[in-house]
Amino acid sequence: MENNSVNAEILNDLIQISNDRVEGYQKAIEELHVEDADLKSLFVEMVRQSHRHKAALVKEVQVLGKEPESGTTTSGKIYRTWMDIKAIFTGHDRETVLNNCEFGEDAAQKAYKMALEEDGLSANLRSLISDQKTELKTSHDQIKSLRDKVS
């Protein structure tokens, strides 16, 4: 059994984070106005990125002989509900949507950082997670830059 269970658990947590990103960006797309077409194309790319990351993570969980997660994190569900409540009071303006997306990207960065700090993570998985974290950091910085231009 070695570290297979630990590695699979870490990967499954990141699969859930990928699922959260997909749902979060799909929700953000729904909240956009017509004049925010640039954000829609960016968010569609973020969804694609999450699907790519998830596929790589699922493959590794299966290699370990474990069952990959299919849902989202509880905190992700709570966060999406908070986005709904917050929108009632603040609307769906560009800045609010970007703030919400940046919050989600911060959460993804934290999850990947925690995964990399886990003992027992195999070298090939550490490399995969590190590469995905780097790619997600670029996405985070894109969202932050756009948000900073609005505020």
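## Overall fold

Helices here are DSSP runs of at least four residues, and strands are runs of at least two. By that count, the protein has five helices and zero strands. The model is a predicted one. From the N terminus on, the order of elements is α-α-α-α-α.

The protein has 151 residues, and 42% of them count as buried.

## H1 against H4

Helix H1 covers residues 4-31. Its axis and that of H4 come within 10 Å and cross at roughly 175 degrees. An angle over 145 degrees counts as roughly antiparallel, so H1 is roughly antiparallel to H4.

Which residues meet here? H1 brings Ile10, Leu14, Ile17, Ser18, Arg21, Tyr25, Ala28 and Glu31. H4 answers with Val97, Cys101, Glu105, Ala108, Ala111, Tyr112 and Ala115. Sorted by class, this contact has eleven nonpolar, one polar and three charged residues.

## H2 against H4

Helix H2 spans residues 37-63, and helix H4 spans residues 94-117. The two pack at an angle of about 20 degrees, and their axes are 13 Å apart. Angles under 35 degrees count as roughly parallel, so H2 is roughly parallel to H4. The crossing of H2 past H4 is left-handed.

On the H2 side, the contact uses Asp38, Leu39, Phe43, His53 and Leu57. On the H4 side are Arg94, Val97, Leu98, Cys101 and Tyr112. By class, the H2 contact with H4 holds seven nonpolar, one polar and two charged residues.

## Two nonpolar cores

In soluble globular proteins, nonpolar side chains tend to be buried together. In this model, the largest nonpolar core has 18 residues. Leu11, Leu14, Leu57, Tyr112 and Ile129 have the most contacts inside that core.

Setting aside residues up to four places away in sequence, Leu14 touches Leu57, Ala111, Tyr112, Ala115 and Ile129. There is also a second, separate core of 13 residues. Among its members are Val22, Leu32, Met46 and Leu98.

Is Gln16 buried or exposed? Gln16 lies in helix H1. Its relative accessibility is 16%, and buried means under 20%. Gln16 therefore counts as buried. Beyond its neighbours within four places in sequence, Gln16 is in contact with Glu69, Gly71, Thr72 and Thr73.

Asp20 is also found in helix H1. Asp20 has 12% relative accessibility, so this residue counts as buried. How far apart are Asp20 and Gly104 in sequence and in space? They are separated by 84 residues in sequence. In space, the C-alpha to C-alpha distance between Asp20 and Gly104 is 8.4 Å.

Methods: Residues numbered from 1 in each chain as written. Predicted model: local features only at pLDDT ≥ 70, side-chain atom pairs only at ≥ 80, totals over all residues. Heavy atoms only, no water. Axes fitted to C-alpha atoms, helices over the stretch in contact; angles between N-to-C directions. Parallel < 35°, antiparallel > 145°, perpendicular 65-115°, else oblique. Left-handed = near helix turned anticlockwise from the far one by under 90°. Contact = heavy atoms within 4.5 Å. Nonpolar A, V, L, I, M, F, W, Y, C, P; charged D, E, K, R; others polar. Core = buried A, V, L, I, M, F, W, Y, C linked by side-chain atoms within 4.5 Å. Buried < 20%, exposed > 50% of the residue type's maximum accessible area, 1.4 Å probe, protein only.
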